[in-house]
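Hello,

Here is the structure I promised to pass on. Please have a look, and then read my notes below.

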Amino acid sequence: MKKVFTILCLTVIATFAIQSSSKAQSYKNAIGGRFGAANGVTFKTSLGENKMLDLIANFRSNNNYNYFRVTALYEVYKPISGARGLNWYYGGGGSIGTVKYKPYNSSDLYLSLDGVLGLDYKFADAPINLSLDWKPAIQLAPDTDFDASGVGLSLRFTF
């Protein structure tokens, strides 16, 4: 029974190794962390050709407030010639979440329209993806404001 289990495990590992080497410069899905002005979790999935959907759940906290928000971004990817695995991308979407104001112990709805501009690199020999981007937002609720502090570095596992 142990031999059958071992052979089955080795077969599964070999299958994944063959698939990942044949898709060395592209990925369909990726999950990982986003670090910057707000930290959180990011999941990217392909929408076909050169388009992806990026879902981000993040949080930010300081002495005056906490917020949690979920962002969905539609992104268009363009390869950078001469730099295998490196793309630049742009896109837009929106965020929804909550804001808690610490001094007043009150909460409110957070709503914004978001843009994104960045660089994306997929390592050829590893299931790792790095993205560095700027994600400005036009805040619609609870107040109208422009937030240009959305610089982030994402590290993801691709599959």
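The structure holds 1 cavity of 30 Å³ or more. Keep in mind that this is a predicted model.

The cavity

How much space lies in the largest cavity? About 70 Å³.

Its lining includes a run of residues from Arg-34 through Phe-35, Gly-36 and Ala-37 to Ala-38. Asn-58, Arg-60 and Arg-69 also line the cavity. So do Lys-135, Gly-150, Val-151 and Gly-152.

Which strands supply at least two residues each of this lining? They are E1 (29–36), E3 (51–61) and E10 (151–158). Strand E1 gives the most, with 3 residues.

The chain around it

The protein chain has 1 helix and 10 strands. What pattern do they follow along the sequence? It reads α-β-β-β-β-β-β-β-β-β-β.

Now burial. The protein chain has 159 residues, and 32% of them are buried. Its accessible surface comes to about 9,600 Å². Carbon and sulfur atoms hold 68% of that surface.

Last, the contacts. Take those between residues at least 6 apart in sequence: 49% of them join residues at least 24 apart.

To find your way in, start with strand E1 and its 3 lining residues. Then go on to E3 and E10, which each supply at least two.

Best wishes

Note on methods
Residues are numbered from 1 along each chain as its sequence is written. This is a predicted model: local features need pLDDT of at least 70, side-chain atom pairs count only at pLDDT 80 or more; totals for chains, interfaces and linings use all residues. Side-chain values use heavy atoms; hydrogens and water are left out. Helices (H or I, at least four residues) and strands (E, at least two) are DSSP runs, numbered from the N terminus. Buried means under 20% relative accessible area, exposed over 50%, partly exposed in between (1.4 Å probe, protein chains only). Contact means heavy atoms within 4.5 Å. Accessible areas come from the Shrake-Rupley method with a 1.4 Å probe; for residues, only the protein chains shown count as cover. On a 1 Å grid over the protein atoms alone, a cavity is a set of points where a 1.4 Å probe fits but cannot get out, and a pocket is an open set with protein on both sides within 12 Å along at least five of seven lines; lining residues have an atom within 4 Å of a point. Grid points are joined across faces, edges and corners, and a volume is the space filled by probe spheres set on the points.
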